[in-house]
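Please look over the sequence and the structure first.

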Amino acid sequence: RKDGENFESKKLGCKDEKASEPVDLSQYSKEKTSSGNYKKINNPLVRKDGSTGKHTNVRGYAYDMCGHVSGSVDRYLELSGKTRASLKPVSTPCIDDHQLLPEDDHNRGVLKEASAKIVLKCLYVARMNRTDLLWAVNSLAREVTKWTVNCDKRLHRLICYMHFSVDMQMECWVGDDPIDCQLALFADASFASWLGDSKSTSGAMLVLMGPNTYVPISWFCKKQTSVSNSSTESELISLDAALRVEGIPALALWELVIDVFHPLKDVKPELPPQRQPRDIYEALTSVDYVPPNVPEPNGRAVLVMLEDNDPVIQICIKGRNPTLRHVPRVHRVNIDATYERIREDPGIFMRYWPTKVQFADILTKGSFTASDWTNLVDLLQIRVPKDIKEIRRLQSQNVGSDNKTLPSHLSIDEVLDHEDK
């Protein structure tokens, strides 16, 4: 590598010295394999690096916005005139299009005048830490100026989900050095998911990951500006937006963080040398050339792009696709620059990621089964804490001789004290 380290030996976990270390025979049993070698003792409590998996320096965080979620529900009940008994338990915040009547897309909704006050209040919650609400809120925010009866139904479904998932929190934890962490960029797109104009939706999520680190940094859900003719085309547009808007800026920032906390010794960043013109023609053609003012990427910070569409990965490897020559003119996106950045940048990698565990899938569509939705939300680390689960369990029971339930504002200690009394 440019910094003088042996990258291959570091990656393989070996040393540069030729002399090997003595073998610890206590790790092997007296039994032999068919090839004559001693069998190694497999201790499931000990990892490959010799550690037991218990880390004391891991810090966990939970982003709690229960108050904002409750405020959104109260605002809806206030402006719609409905009671809390009208809210029923639902599995997902979205309602399938086949459950709606086509003629209701042309009838004026009851909440047309108050729709913006409700939807934008929910949008703040979805953009801050409730990723599971973003697609449903985004689809309603597009319809504020043309609100219909079906929009009333979609909003009611969203409020029902928010009411019965008010205790959910986004959890994250940090327990590694910056040099041991990598940026993971999940990118996905739907294909003609919007029935009104057959346009696709792009979704992306940027996460800081490590052996003991998981921190969601940013995410977005955007409707594409043009109609895509294939799922590969919509995935490429989503990949370009994710890399340009979220990936490259975060990669530059994380490279700076690594250089600050783990500086290289006796290595100074140098700007690439400026080319001298060889003749008068090159001097005239490069009269507007502006030299770079930052050094080239050194590859210490790593961005892994996780894509669930295999043709997109093959196109990025080849750097061309003759069947998508219309994309720069239709979508106004320079995908050649995306190919070049992925192929040439030493810190950007790409790998296949299964659709079942694709984080960005929850940002591109709303049609999920209850089991798939629960799995995706759990993968996003959005869940109800154990202490709040215990509170809700005690509140649902009749405590004491007066046969009354516990108030909802009590803390876990107050609930337990009340139960002892």
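Buried means under 20% relative accessible area, exposed over 50%, and partly exposed in between, using a 1.4 Å probe and protein chains only. This is a predicted model: local features need pLDDT of at least 70, side-chain atom pairs count only at pLDDT 80 or more, and totals for chains, interfaces and linings use all residues. Residues are numbered from 1 along each chain as its sequence is written, and side-chain values use heavy atoms, with hydrogens and water left out.

**Cysteines**
- Cys 122 has a relative accessible area of 0%, so Cys 122 is buried.
- Cys 181 is buried too, at 5%.
- The whole structure has zero disulfides (pairs of cysteine sulfur atoms within 2.5 Å).

**Second largest pocket**
- A pocket is an open set of points on a 1 Å grid over the protein atoms alone, where a 1.4 Å probe fits, with protein on both sides within 12 Å along at least five of seven lines.
- The second largest pocket holds about 610 Å³ of space, a volume filled by probe spheres set on the points.
- Its lining counts 27 residues, each with an atom within 4 Å of a point.
- Nearest the pocket centre lie Asp 97, Leu 100, Arg 154, Trp 194 and Leu 195.
- Helix H4 (134-141) and helix H5 (149-164) are the elements that give two or more residues to this lining; helices are DSSP runs (H or I) of at least four residues, and strands (E) of at least two.
- By class, the lining has 13 nonpolar, seven polar and seven charged residues. Asp, Glu, Lys and Arg count as charged; Ala, Val, Leu, Ile, Met, Phe, Trp, Tyr, Cys and Pro as nonpolar; the others, Gly among them, as polar.

**Aromatic contacts**
- The structure holds six aromatic pairs. Rings of Phe, Tyr and Trp (its six-membered ring) pair if their centres lie within 6.5 Å; planes under 30 degrees apart are stacked, over 60 edge-to-face, the rest tilted.
- Tyr 161 and Trp 373 have ring centres 6.1 Å apart and planes at 85°, so they pair edge-to-face. Tyr 161 sits in helix H5 and Trp 373 in helix H11 (residues 370-379), 212 residues apart.
- Tyr 161 is buried at 5% relative accessible area, and Trp 373 is buried at 3%.
- Tyr 214 and Phe 359 are also edge-to-face, with centres 6.4 Å apart and planes at 80°.
- One aromatic cluster is formed by Trp 173, Phe 186, Tyr 214, Trp 353 and Phe 359.
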